[in-house]
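Thanks for coming, everyone. Let me put the structure up, and then we will walk through it one piece at a time.

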Amino acid sequence: MEFQALILISVATLGFISLCSSIINLVKWVYIMFLRPPKNLKRSYGSWALITGSTDGIGKAIAMELASEGLNLVLVGRDSLKLESTSSEIRHRIGDRVSIRTIVIDFAKVGGEEIEKRIGEEIEGLDVGVLINNAGLAYPFARFFMKLIWVWLRRRVRRGIDLLFGVFSSSEKSPPRRGHLLGQGG
Ligand SMILES: NC(=O)c1ccc[n+]([C@@H]2O[C@H](COP(=O)([O-])OP(=O)(O)OC[C@H]3O[C@@H](n4cnc5c(N)ncnc54)[C@H](OP(=O)(O)O)[C@@H]3O)[C@@H](O)[C@H]2O)c1
């Protein structure tokens, strides 16, 4: 009888712990999804964000979103006219409370340390804490994915690293600061 009671208490305790854990997870999920205030990017990382591939699609949408959070923007693209038109569109929607700078770079033509140097020079003195590496480089013809994977991976990883160095180590006088990187460019 005592053994049976022990088993019963053990099972009930396990059930109680499991129920508590589920309730805690549910409360956490509700807090994260609906109640937690958004992170203040400006205070956490710095007042400027640099976005590659910012004149179209996902990059442009991210630029708009970051500007609405009050971050100043450095927009990177190949075409100065497209960059200017994107800047005007953002200013039109958000107003003059954010500053926007543009850098013309074609990542298909410029690579390696040249990217690091150009970006470093252009953002000298700016407090850039967010880097969105979004520019996508497509191939002009169709190939099997397995034939492209190493070329694609190498190019993607290298560009990410070059940008990272250009942005976060641009000033040798200041120590590396806490930054945020989102990479999705191909
Ligand atoms: N859309 C999707 O369903 C999807 C899915 C998975 C991943 N992605 C990735 O997400 C990223 C954005 O996709 P998206 O659909 O928003 O792209 P998108 O609308 O085609 O925009 C591409 C952007 O990249 C810039 N860009 C292209 N080639 C460049 C180069 N050589 N040098 C510098 N900038 C260049 C373009 O700027 P300019 O023309 O002004 O130079 C443009 O702002 C890409 O990396 C893509 O691979 C997209």
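At 1.5 Å a residue, the 15 residues of α4 should span 21 Å, and the end C-alpha atoms of α4 are 21 Å apart, which agrees. That expected span is 1.5 Å times one less than the number of residues.

Two notes on the source. This is a predicted model, where local features need pLDDT of at least 70 and side-chain atom pairs count only at pLDDT 80 or more, while totals for chains, interfaces and linings use all residues. Residues are numbered from 1 along each chain as its sequence is written.

Back to α4. Which of its residues are buried? They are L83, T86, S87 and I90. They cover an arc of only 100° around the axis, which puts them on the same side of α4. The arc is that of the directions from the helix axis to the C-beta atoms. Buried means 20 or more other C-beta atoms within 10 Å of the residue's own; exposed means 12 or fewer; partly exposed is in between; C-beta atoms are placed from the backbone. The face turned away from the buried side carries the exposed residues L81, S85, S88 and H92. An α-helix has 3.6 residues a turn, so residues three or four places apart point the same way.

What do the buried residues of α4 pack against? They pack against α3, β2 and β3. Just after α4, G95 takes a positive phi of about 95°.

Now the whole chain. The protein chain has six helices and five strands. From the N terminus on, the order is α-α-β-α-β-α-β-α-β-α-β. Of the 186 residues, 24% count as buried.

Helix α1 covers residues 2-35. Of its 34 residues, the number buried is zero, so α1 lies largely in the open.

Next, the largest nonpolar core, which holds 25 residues. Such a core is a set of buried Ala, Val, Leu, Ile, Met, Phe, Trp, Tyr and Cys residues joined through C-beta atoms within 7 Å. A49, L50, I51, A63, L66, L73 and L75 touch the most other members. β1, β2, α4 and α6 are among the elements that each supply at least two residues. Take L50. Leaving aside neighbours within four places in sequence, L50 is in contact with V74, V76, I123, V128, L131 and V167. Contact means C-beta atoms, placed from the backbone, within 7 Å.

Then the ligand. Of the 23 residues around the ligand, G53, G57, G77, R78 and G136 come nearest. A residue counts as near if its C-beta atom, placed from the backbone, lies within 6 Å. Helix α3 gives the most to this shell, with three residues. The shell divides into six nonpolar, twelve polar and five charged residues.

Staying in α3, we find G59. G59 is buried, with 24 other C-beta atoms within 10 Å. G59 and G136 are 77 residues apart in sequence, yet 9.9 Å apart in space, C-alpha to C-alpha.

Last stop: R158, in helix α6. Is R158 buried or partly exposed? With 13 C-beta neighbours inside 10 Å, R158 counts as partly exposed.

Key
Helices (H or I, at least four residues) and strands (E, at least two) are DSSP runs, numbered from the N terminus. Ala, Val, Leu, Ile, Met, Phe, Trp, Tyr, Cys and Pro count as nonpolar, Asp, Glu, Lys and Arg as charged, and the others, Gly among them, as polar. Two residues are in contact if their C-beta atoms, placed from the backbone, lie within 7 Å.
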